[in-house]
Every structure is written in C-alpha cells, then in structure tokens.
Amino acid sequence: MSKKRFLAMLTAGAMALTLAGCGNSANEGGNGGASADPNADAGKDGADTYKIALIQQHQTNAFQIAVSEAAEAKAAELGVDLTILSADQDAATQISQIEQCVSEGYNAILFEPVDPDGLGDAAKNAADAGVVVINIISACTDWESNGIAAVSFGDNVKAGETEMQNVADLLGGKGNIAILTGPSGDSGGLQRMEGYENVLKNYPDIKQVVAPADCQWDTASAQSTVESWLSAYDLDAIVCENDGMAAGANSGIIITGVDGTPDGFEAIQDGRITGTVSQNGGAMAANGIEAAVKLLSGGSLDKNVIITDNTWIDASNVSTFA
C-alpha cells in the first residue's frame, strides 16, 4: 500500500483549499469516504488498511523532520496509509485539520497539540466519532478525559534535568549562564525549564545573569540574541531548549541543547555545541503509529503512556548516534 505525505503549511486564507486537497488525495488512493468508523477501510484486498493522520505543530526544524520521516517509515512497515499535515503553530488550524480528518473518515489521528489547553474539545469530538486519537511529543491537558487513547512522548522534565546537570558538571558548580527557550506557553518548553530549575536550586553559585529569551525554537533568532548577550554579559554557558537554538548560539563557550537531532549531532562533531539530550522524537512518532494500529486491530495497550529514554550525547559518544 502506498503512503501519502502532504506537508500542508497552512494559512487562514488557504485553509479550505488545503484541507480539501487532503480529502481528494485520500480518495485517489481508493480509501475515501466520510465514515469515521475505525474499521471502515479494514478488509480491503484481504488486509486491514487504515487511514492515519499525523498533525504536527510545525515542520520547520530537524526534530520535526525526523518525526515525520520515522512516522512514514513505520506506516510503510505496517502497511497503513499516512497523511502528514502541519498546523504551522496555529491552534485554530490544528482544530480545523482534526475536524476535517474526522469528516474524511480517518481511522486514527496523531497530533502534537499547539495549545494543550485548547485542543481537548477537538480531540474529544474526534474520539466520540470513533476515531482513535493519540498525542505525540506533548499531550493535551486532561488528555484521558478528552478521549485520547494514549500519549507517546519523552520526559521533558527529566530531559531538562539531564541537560542542566551536565552543564553544572562542566562548570564545576559555578558560573554565569543564560537560557534560550521555545515559544512561551509551550508545554514541552515549560517542562524542560522545570527540569532546569530542579537542578539549579542545588547550585547557588550558578547564576542566570539575564532573563531567559523566547527564541521560538529558531536558529537565527538564537544567533542574534546570543550576539547581543555576549556584548553585554560575561557568560560561561548557554542552555537551550532545543538543538536548533543551540546551533545558533555557537559562541565558543559551553552550549547545550535538547532533542538529539542530526543537526545537533553535526554541531557536536564540528565543535559548535557541547552536548544534547536525545529523546528520540522519531520513536515517539513510530510508537504512536504502532499504538494506533494495535487499537484499530482490536488489541489493547500494555500502557497508554509511552515514554522514550533520555540520553546525554557529547563528543565522547556522538559517533554512535550520528
């Protein structure tokens, strides 16, 4: 069964056209129709064939690319039709995409919520329509009560703790640091910050000399922010909530990130960043696809919270991962 990937970078003006395109493409594959019955497409050509949608927050960095590639590989392995959409960091877009996928008869929807507090109703409506709904990377608030069958993500608090503990060790427990964050209100970023704070309370001689800067996960924004910081502050380390910002923070001091992306590994090998915490975003997506197919096939999950491991990667072991 061929799989279909649609990278829908949507704007409000193009919403209806983009979503209609999703439906037309599904029909071209012979699996169209408006039924949300989880078994509507089962049994075609003697096999269970499911339509699964993956709705990403965005598709603008190496982490998200790794997520989509792993999802495609797992869908091909399991013989399911996969459609990939991007909400382009807009909650209204993501809600509309979920609603459209329900009306198009998708059997399962995996999504990383742009707004954990604001996507619960859309998830519940999809689940009530018979769609298997799974969160990946991060979860909606009160996800179980909103009909979400499982979550597949990393432990972001632990990732933050692992990153900051390694920074503390590298500094010998003393020094000036600054922190680059993802979008304010992003649940993953907030959890990583919680992890940072859990470690920093044990190191009173490690000082944040400037308030954390929201760089929106963006490399260029991180670069300009760090350039201004270095002209004003004496910094020993910059702690970043993702690898993209860490790559932009390149400044000859201790630089760390989170995600374990190919770009992050390359930056470690080149000496541009010191280390990263890998949570294996690809596994988050692949595990979510596997869970969806198992539920659609009438099985049950051993656990509905699927957590990937955290691994500290630096120059000593990056060759194992790169």
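Trainee: Is arginine 272 buried, partly exposed or exposed?
Mentor: Arginine 272 is partly exposed, with a relative accessible area of 25%. Keep in mind that this is a predicted model.

Trainee: Which residue does arginine 272 form a salt bridge with?
Mentor: Its partner is aspartate 270, and the closest N and O atoms of the pair are 3.3 Å apart. Aspartate 270 is partly exposed too, at a relative accessible area of 49%.

Trainee: What lets side chains pair like that?
Mentor: Side chains of opposite charge can pair when their charged atoms come close.

Trainee: How many salt bridges are there by this rule?
Mentor: The count is 5 salt bridges. One of them joins the side chains of lysine 74 and glutamate 290, at 2.7 Å from N to O.

Trainee: Where do lysine 74 and glutamate 290 lie?
Mentor: Lysine 74 is in helix 2, which covers residues 62-78, and glutamate 290 is in helix 10, residues 281-296.

Trainee: Which residues are linked with them in a network of salt bridges?
Mentor: Glu77 is part of it: Lys74, Glu77 and Glu290 are linked in a network of salt bridges.

Trainee: OK, what about arginine 192, which residue does its side chain meet in a salt bridge?
Mentor: That would be aspartate 259, with 3.2 Å from N to O. Arginine 192 belongs to helix 6 (residues 187-200) and aspartate 259 to strand 10 (residues 254-259), so this pair ties together parts 67 residues apart in sequence. Both residues are buried.

Trainee: Changing topic. How many helices and strands does the protein chain have?
Mentor: There are 11 helices and 13 strands in the protein chain.

Trainee: How much of the chain counts as buried?
Mentor: The chain has 322 residues, and 54% of them count as buried.

Trainee: What is the accessible surface of the protein chain?
Mentor: The accessible surface comes to about 12900 Å², and carbon and sulfur atoms account for 46% of that.

Trainee: Last one. Of the contacts between residues at least 6 apart in sequence, how many join residues at least 24 apart?
Mentor: In the protein chain, 69% of those contacts do.

Methods:
Residues are numbered from 1 along each chain as its sequence is written. This is a predicted model: local features need pLDDT of at least 70, side-chain atom pairs count only at pLDDT 80 or more; totals for chains, interfaces and linings use all residues. Side-chain values use heavy atoms; hydrogens and water are left out. Helices (H or I, at least four residues) and strands (E, at least two) are DSSP runs, numbered from the N terminus. Buried means under 20% relative accessible area, exposed over 50%, partly exposed in between (1.4 Å probe, protein chains only). Contact means heavy atoms within 4.5 Å. Accessible areas come from the Shrake-Rupley method with a 1.4 Å probe; for residues, only the protein chains shown count as cover. A salt bridge is a side-chain nitrogen of Lys or Arg within 4 Å of a carboxyl oxygen of Asp or Glu.
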